[in-house]
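The following note sets out points for a colleague reviewing the structure shown below.

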Amino acid sequence: MTFSSLGHLLPELILLTGACALLIVGLTRFAKTPSALSLLAGGMIAGALVATLLIGIPAEVGDLPGLALSPLTFYVRWLTLTVGLLLILLNWRQAEPSEQGEYLALILFAMLGILLTASASDVVVLFFAIELVSVPTYILVALSRRDVRASEAAVKYFFLGALSAALLAYGLGFLYGASGTTSLASMAGVWASRLQPASIAGADMLVLIGFLLAFAGLSFKIAAVPFHAYVADVYEGAASPVTALLGFVPKLAGFIALIRIMETVHWQLPASVMWLIWIVAALTMTVGNVLGLLQTNVKRMLAYSSIAHSGYLLLALLVGPALGAGPMSNGVTALLFYIAVYGVMNLGAFAALSSFQRGDRTLETLDDLSGLARSQPWPALALSVCAFSLMGFPPTAGFLGKLYIFSGAFSLAPDHAFRMPLIVLAVIGVINSAIGAAYYLRIVGACWMNRPREEVASVPGMTERLGLNIAGLAMLVLFVAPGPLLTKARIGAASQARSRSSSIATAVDPGPRGSATSAETSLAAHEP
Amino acid sequence: MDIAFLKLLGIVILTAPLGGALVCGALGPRRLKDRTHWASIFGVGAAAAAALALLTQVVGAVRTSQTSGHEAGGSHVSATIPVYDWIATGARPSASPPVAAPIKGLPREDARLPHAPMELSSPSWFRVEFLVDPLSAIMLATVTCIALLIVIYSRDYMRHHDHAERGYERFFAYLALFVFSMCALVLGGNFLLLYLGWEAVGLCSYLLIGFYYGKPSAAAAAKKAFLVNRVGDFGFGLGILLIYITFGTLSYHDVFDMIARNVDVTGAALDPSKLTTLALLLFCGAAGKSAQIPLYVWLPDAMEGPSPVSALIHAATMVTAGVYMIARCGAIFVHSETAMLVVAVIGGCTAIFSATIALVQTDMKRILAYSTISQLGYMFLALGVYAADSAVFHLFTHAFFKALLFLGAGSVMHAMGGVIDLRQFSGLRHALPKTCKLILIGSLALAGVPLFSGFFSKDEILHHALSVHPALGIMGLVTAALTAFYTFRMFFMAFAGPLRVPEGVHPHESGSWMILPMSLLAIGAIFAGYLGVGFVGRPFHAFLEPVFHNTFLASTLHGAHEVVAAAPAGHAGAAISTGAAAGFMAEYGLLLASGGLAILSILAAYVVYGKNPWIAATVRATAPRVYGLLWNKYYVDEAYDLALVRPLRALGRLCFWLDEYIVDGLVWLIAFVPQAMGYGARGVQRGALQGYGLAMGVGLAIVVTVVLTW
């Protein structure tokens, strides 16, 4: 590792510096003005974002141990930091003033974890990156408010999170045992050369067990059934600004890690595992939406909505990259696009809850929301836009996201072995969208149709409302002009297609570097 | 044509009214209040200015292409201008899929894996694109200019004694939003944008019909309009899907090009029956939006909306969207004689059918509504007999005089305190002298009295109809006589005789905000028709000729004289043959006949309603059956209610019951399972940690066992 190669890690380094600086500054007298700390955190994220954009799609750097920069890195950096700015807006003054420094530093650490997940080239780094995402979130839940519910939620989240981390570590251990290497790229090479063609079908039991355990561990992060049970309690317990973070940060990290692991098996899974993920996806969508119907607490409702959305994203994961003809059919593109949209719309919904208070607590139940439009028409409109987007209703970005995900299944190549089941799953997804509409509409209905119960008051400060408005506007703008985001998502997914073809090429040609370069040129030739 | 400039103009045409609508909505209620109309006026005004600039550009381009002797109908006066890529789709199935070369050393079944190059190739997109050609230019100019006049008119109409009515800002926001939607419909360069604009104008229409939503009849009318349009739009949507399946693209340019080359997406020859299906599906949408049999029932009820809305949306612009769409899709329609016949027959029947209903109605706005349906019928008749240029010409003149008449009716209504029933007042020429004169001009144009605009455009349609389908032409002639009669029945009932007004009403002439736009429209109602007169070389038709050159005008069914008439002025003289001369004779004979009919009908109306009102009463008494049939609009609403509405209501109740008891029950059952499980493990905590952990462990164990023993 040379000094110059560190330059490629500038965004990560800025985040790390920022987090450490926040820890230190939080102890000084600056901590008496919490806005200063929030400003510092926001500035650091903005700096990292600028660095990301300056670097662009990173070139592959050979001498960064455990890390491999790819187009996916660029997408995840860009997305995480952009949504991160919104998260800082929401958490501007959430923590106790004395804890503000640690609180913001933890958010930055979690974001750093996502960035590292996207560029980890080694299972050990991958595991640590995932834990770097998880551990701060446990603490954030506890710090978010002085409330016994928050503490209880944090403890639950921590214990179950620890269990899932154990599963993940165990699974990655099996994968190491089966391949004899911790490097993801070498692992992929080993599967490709040693196992039958790019598929682990009926082959190595160790690989299968390892994959299943890792999938289980990550299922907790993305809140898929049956590892979803904690979600509603934790969401309800944590303060809304942290819940907004919980809906996005662990889910993004989990899906990125899943993509990385799917890469090592060349997106080829034996039918039994495909069916397993199929069932998990179908259950996740259905359980999420059906239980969402019964909630009167909006935070619990959005928790189940978060579960349901993981189901849709799992469908995209099953479709995988480049199985059909065109970008609408690339599951990874659809996944990357939709997770960005989901992060923002979900954040918007929680921003609406944390922007207003009745008495001394922020909004939580449908009853709290009733008649919001009467006194606060614009925030109510922004919330409604986010709700329509979660529903997948035009003219919002959520519609396009669902469109891409579902159309992926329909445009699979006719000879794809798993085509029919995926189409059925897409139909289940469409039905689930309709079920989900019922409870999202209750949010909209409560805002606009119900009589105001008592006056809602804005919370002091305007950052929450700013975040809400940005989220609502983004949903409309991304519907009208999804091109830029979609292009970025396509570039991010392109590394998947490449890794896949290159690793297959590896199987033929034992010179790994050489084949990577040839794949590189083919990528360059086809990139617009 | 300067593409960059046209693109800029197109963007202004769309964003200016949208911006106006947003400003009205955002700032209207709190800041602008009584001044909200300015936002709307500026937005629509900017769009109108841009539309006129666009029209000038296109006129210039058409003129150059015609003088430079290019083959008329070339694509140089039609430009598809991409604005930006919107929704990425899969690669078009037509693009030959790259065959993955089998890699040596890999088993056969793996050959399909490396699709990466295909994935990375650029996708195809649904684009946001404009189609600028003479047809869209003329439509845009008409829509925006008339909309501007009507927005100005609404400033006074929507206030009483200089106090803004409740919902003032809402009204102007909707109006500007409508202009945006209509422009998007016309300017859009593919079927997707057409559909979006189509639905958006439907939404605006719904919102504006139900503007007085507190009034049950207005709310019901809005609902009816929306639902009836849904029936048509369902067919329209299916048509667009079929287009995408057949051609693999939604862009007008590509679709029409493929039809011209007679290939579908797979490269095979087109199935003619598929084109017929397509045309009929699209016609479903047109029949709904443009109020043709059997979907016309919503338009008379739509008069519940404020009068400027009736003038703008339900007379001058939105209802002509169907005519525009069929004119635009001529390439599809002319390939199907069946579809063309259906269009012509439906148009002709609608024209005469609604004209008879209008004979006995007493609500001034409803008479005008039935007259609108009837005039739209004329336009469809024209399309069906391959005279699309005449259809668009009638659309153009009709927009002026019908908007004028509705605004006049609004002026009467304003003066009468909201009463519009002709039995409640008479002799208004004394109280409303200006309105009276303006309505007279509009009525003369509608009745087709010679030298007014309606005369020229209607006569053209009759001429074409008589030469292609004589029976329909005669129906059209009868309709023309009926039109003149009911129009002047309305006029004489309102303005002739002694002054009589409803109780407690002090009639007052409208202010200049209302009179000025009406006067401008009146000028259009008189002179717009001269753009299509043979003496001045029929500039309107020459302008549109490139659009229809390869579709409607190229059809063999179209009479030989038509080619002459439609040819550019410079070429007309050389092409006149003896056959064409005979055609001209027939045309002038028809001119005299239809003009004479109109004047005779007006005289009849004068005798019956102006001089001797007892005649009408006698007729009513002697033929009560016929009168009742017409008065009740042939009982069509009742028949629909019995045949469709009630069964559907019953179905709805059944579904509601199923949802209430069966579906909800299932949901509760599903929810009960985890709850029951929760109760088993529930201690002092809300949701037991150990239970969650156990569920995860058991779940994992099941998963691993199942997968490993598969």
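Predicted model: local features only at pLDDT ≥ 70, side-chain atom pairs only at ≥ 80, totals over all residues.

1. In chain A, A:Arg358 stands opposite A:Arg361, a residue of strand β2(A). Strand β1 (residues 356-358) of chain A pairs with β2(A) in the antiparallel sense, over 2 bridges.

2. The two strands belong to an open sheet of 3 strands in chain A, ordered β2-β1-β3 and paired antiparallel. Its edges are formed by β2 (361-362) and β3 (457-458) of chain A, each of which pairs on one side only. In general, the strands of a sheet pair through backbone hydrogen bonds, in a parallel or an antiparallel arrangement.

3. Two helices of chain A deserve attention as a packed pair: α14 (residues 331-355) and α20 (residues 463-480) pack at an angle of about 145°, and their axes lie 8 Å apart. The crossing of α14(A) and α20(A) is left-handed. On the α14(A) side, the contact includes A:Val341, A:Val344, A:Met345, A:Leu347, A:Gly348 and A:Ala351. On the α20(A) side, the contributors include A:Leu468, A:Ala471, A:Gly472, A:Met475 and A:Leu478. Sorted by class, this contact has 11 nonpolar, 5 polar and 2 charged residues; A:Glu464 and A:Arg465 of α20(A) are among the residues that make it.

4. Is A:Val319 buried or exposed? A:Val319 lies in helix α13 (residues 298-319) of chain A. The residue has 33 C-beta neighbours inside 10 Å, and the threshold for burial is 20 or more, so A:Val319 counts as buried. Apart from neighbours within four places in sequence, A:Val319 is in contact with A:Gly331, A:Gly408, A:Ala409, A:Leu412 and A:Leu422.

5. In chain A, the bond from A:Val225 to A:Pro226 is cis, with omega near 0°; A:Pro226 is found in the loop between α9 (205-222) and α10 (230-237) of that chain. In chain B, a cis peptide bond joins B:Ile293 and B:Pro294, with omega about 5°. B:Pro294 is located in the loop between α9 (272-289) and α10 (298-301) of chain B.

6. Which value does phi take at B:Asn262? Although B:Asn262 is not a glycine, its phi is positive, at about 60°. This residue sits in the loop between α8 (252-261) and α9 of chain B. B:Asn262 is exposed because 12 other C-beta atoms lie within 10 Å, and 12 or fewer is the criterion for exposure.

7. A further positive phi in a residue other than glycine occurs at B:Tyr635, with a value near 55°. B:Tyr635 is placed in the loop between α27 (624-631) and α28 (636-681) of chain B. With 12 C-beta neighbours inside 10 Å, B:Tyr635 counts as exposed.

Conventions. Residues numbered from 1 in each chain as written. Chains lettered and ligands numbered in written order. Axes fitted to C-alpha atoms, helices over the stretch in contact; angles between N-to-C directions. Helix = DSSP H or I, 4+ residues; strand = E, 2+ residues; numbered from the N terminus. Left-handed = near helix turned anticlockwise from the far one by under 90°. Contact = placed C-beta atoms within 7 Å. Nonpolar A, V, L, I, M, F, W, Y, C, P; charged D, E, K, R; others polar. Pairing = 2+ DSSP bridges.
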